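Trainee: Before I use the terms for this model, I would like to hear what each one rests on. Could we go through them one at a time?

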Amino acid sequence: MERENKLKIFSIWFLLSFIFIGCGSSSQSTTANDSKQSKYTFVMIHFEAGYQGRLNNDLPIDIPQEYMNMDLGWQAYLFDTAKKLVQKADSYGFHLTLAFNPQWAEYILLDDAKVNLVKQWQKNGHEIAFHHHSINHPDWNGYSNDPLALNSTTPFLGNVDKGLNIIRNLALPANVTTAMISGLPIDMPQSYEDTSDSLIFAGGNQYSSFAQYGQLRSLKPHKIIKNNGAEVTFVTHRQLTSILNNYTVDEALNIFKTEYNNMQNDEIYGVVFHCYDYLVAEETYNDWFEFIKNNNDTIKTIHEVIADYKYDIPIQ
Ligand SMILES: [Zn+2]
């Protein structure tokens with residue numbers, strides 16, 4: 001009888017310690033070398049179209065006139081910035097998610113040296129993703145599934161799949177299965193509707209990134225299974241742009257750091273910024289990389305993060 005009681009007590013103790021180890025927050029660990037679980041985090045870079053925005057002289061940052069006059073001048077002006085940004089991530093061994101509007105793939109594909117550089121980026125672990133600006137965006141990329149696009153004063157370039165295919169050509173042999181698409185549901189590429197590949201859609205802008213603006217987007221991913229069995233996963237990114245209305249980029253960075261420190265085990269902290277933001281405020285974005293490194297975390301591609309993600313992590 002006594003032995004049975006001892007066993008019972010031992011079992012309860014064992015169960016309790018398992019629960020505490022399983023759900024305890026890393027900040028409460030008691031042993032010095034207790035290895036904390038690495039957080040789920042990614043950085044997505046949006047490469048803007050520089051199409052309608054350039055034609056209408058309505059770009060988010062000023063660029064020299066010679067580039068304004070040039071087809072793909074936005075890309076020509078910012079390509080060195082893109083190189084510098086990827087190099088910086090490489091120096092940390094971080095993997096970026098590089099989301100291109102079609103004009104970027106078009107520009108890179110014109111020059112073998114640039115194509116080879118992008119192949120090297122992929123070898124280093126970076127992911128090529130799709131970014132789409134619909135006709136409702138001031139810098140529409142010219143591709144649309146909306147019949148209204150035919151009436152636009154900005155020349156129509158084709159349906160959204162046509163734009164996506166240019167990025168696919170650049171990413172080959174890798175598949176382009178991660179995207180941030182505006183203008184949904186109309187602008188959903190038909191090939192994405194039809195595919196049995198698993199897809200990942202990122203979402204979130206400055207208005208869903210700061211409590212001051214209203215409801216923050218949940219940091220928990222969710223997925224749906226399509227009729228053909230394909231999984232579509234939705235993930236949030238917080239936008240850290242240099243052209244915020246109410247915050248300096250450094251204030252925004254500090255808000256994100258606090259939120260990152262307080263995130264739950266089943267949340268994913270994604271940050272998005274634009275290639276042009278890196279030109280404007282390089283040090284701030286480098287600070288984010290340094291912050292992640294100092295947390296002993298690592299930035300992975302969205303694809304890698306979702307592959308690692310466990311949907312059954314107990315909620316604290
Ligand atoms: Zn964009």
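Mentor: Start with pairing: two strands pair if DSSP finds at least two bridges between them. Strands (E, at least two residues) and helices (H or I, at least four) are DSSP runs, numbered from the N terminus. The model is predicted, so local features need pLDDT of at least 70 and side-chain atom pairs count only at pLDDT 80 or more, while totals for chains, interfaces and linings use all residues. Residues are numbered from 1 along each chain as its sequence is written.

Trainee: What makes β8 and β9 a pair?

Mentor: There are 2 bridges between β8 and β9, in the parallel sense, and the definition asks for at least two, so they pair. Q239 has V272 in β9 as its bridge partner. From β8 the chain crosses through helix α9 (residues 249-261) to β9, and this β-α-β crossover is right-handed. That word applies if, with the strands pointing away from the viewer, the path from the first strand over the helix to the second runs clockwise.

Trainee: Which strand is joined to β9 by 7 bridges?

Mentor: β1, which runs parallel to β9. T41 has Y269 in β9 as its bridge partner.

Trainee: Why is β9 called largely enclosed?

Mentor: A residue is buried if 20 or more other C-beta atoms, placed from the backbone, lie within 10 Å of its own, exposed if 12 or fewer, and partly exposed in between. In β9, 7 of the 7 residues are buried, so the rest of the structure largely encloses the strand. I268, G270, V272 and H274 point one way, and Y269, V271 and F273 the other way. In a regular strand, side chains alternate between the two faces of the sheet.

Trainee: Which are the edge strands of the sheet?

Mentor: The sheet is open, with 9 strands in the order β6-β7-β5-β4-β3-β2-β1-β9-β8 and mixed pairing. β6 (222-225) and β8 (238-239) each pair on one side only, and these are the edge strands. β6 pairs with β7 (residues 231-236) in the antiparallel sense over 4 bridges, with K223 opposite T233 in β7.

Trainee: What makes helix α5 largely enclosed?

Mentor: In α5 (residues 102-109), 7 of the 8 residues are buried, so the helix is largely enclosed by the rest of the structure. The buried ones are P102, Q103, W104, A105, E106, Y107 and I108. Their cover includes β1 (40-47), α4 (73-92) and β2 (97-100).

Trainee: Is D58 buried or exposed?

Mentor: D58 has 10 other C-beta atoms within 10 Å, so D58 is exposed. D58 lies in the loop between α2 and α3. Beyond its neighbours within four places in sequence, D58 is in contact with G53 and P138, where contact means C-beta atoms, placed from the backbone, within 7 Å. The C-alpha atoms of D58 and D139 are separated by 7.5 Å, although the two residues are 81 residues apart along the chain.

Notes: Contact = placed C-beta atoms within 7 Å.
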